[in-house]
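Have a look at the sequence and the model, then read on.

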Amino acid sequence: MGMGPVENAASAAVEATAVVPPAAKCGSYALLQCGEDSEYVRKAYGGYFEVFRALLAEDGERWRVYRAVRGELPTDAEAAGFDGFVISGSCSDAHGDEPWILALVDLIRRLLAAGKRILGVCFGHQILCRALGGRTGRSTKGWDIGVSCIHPTAAAARLFAPLKLPVHMPVIEFHQDEVWELPPKAEVLARSDKTGVEMFRLGDRAMGVQGHPEYSKDILMSIADRLLQNNLILDCQVDVAKASFDVRQPDKDLWKKVCRGFLKGRLPSQQQSQQQNKQQVAVL
């Protein structure tokens, strides 16, 4: 599970366009939102779309949201106009077979076949794994709620070499599902004491992050309070989540660089791959 119980929101697909000089090259990205906006996030932030834009968007880019949980997905023609996609968290299970989840799995495969970059967060991380041939399910260790310290692998250190990743990368977590088995040829980018696959990637186009780089403490606690009220978690779990912020703070600036770097093709390996593709086209 990703965000926790949710409430209905009436807003439809939204498109945000910034005015830039004609000479500027602006990217185009879409959020595939897999859970409804909670009342708190809608009032405090304007919805999860704005929360993700705050983490990932930069001046001159065009961003649009598709409410995947309602069956709103881009057509292939629409998808062709985007440089990359972000898949959000959800209260649903990535291993479920609801029609919208199956439609999302199919879309992910088509997007990657078309060469699009995809960043999956929490549920998005898990559904990306499933679409690529991996397996997900309930964690045997139960809920992971609060700030967790994840540890990048040697593969991550190489991939994000310009960022000089620290040994510990605190991030907010809120999930009880996890990746059980990686897709073929995928590699683990980070682990934690509680979760074996905190991050993974498949090539230069797909990356999943189990935590919530986009969350803040107030968002986490608003979800935890709702879960508590619905008897889905225990008081002690909420206490542990609150206390985790006294031990460490999530490094949001670092996560912003990591997520933007992968989504927007700024990593050395991605740039080399792009250059090789250009050379192959030139030869043809």
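Count the salt bridges here and you get 16, a salt bridge being a side-chain nitrogen of Lys or Arg within 4 Å of a carboxyl oxygen of Asp or Glu. Keep in mind that this is a predicted model, where local features need pLDDT of at least 70, side-chain atom pairs count only at pLDDT 80 or more, and totals for chains, interfaces and linings use all residues. Residues are numbered from 1 along each chain as its sequence is written, and side-chain values use heavy atoms, with hydrogens and water left out.

Start with Lys264 and Glu61, whose side chains meet in a salt bridge at 2.8 Å, N to O. Lys264 sits in the loop between helix 9 (252-263) and helix 10 (268-283), and Glu61 in the loop between helix 2 (48-56) and strand 3, so this pair ties together parts that are 203 residues apart in sequence. Helices (H or I, at least four residues) and strands (E, at least two) are DSSP runs, numbered from the N terminus. Both Lys264 and Glu61 are buried; buried means under 20% relative accessible area, exposed over 50%, and partly exposed in between (1.4 Å probe, protein chains only). They also belong to a salt-bridge network with Glu58, Arg260 and Arg266.

Glu39 is partly exposed at 34%, while Lys43 is exposed at 67%.
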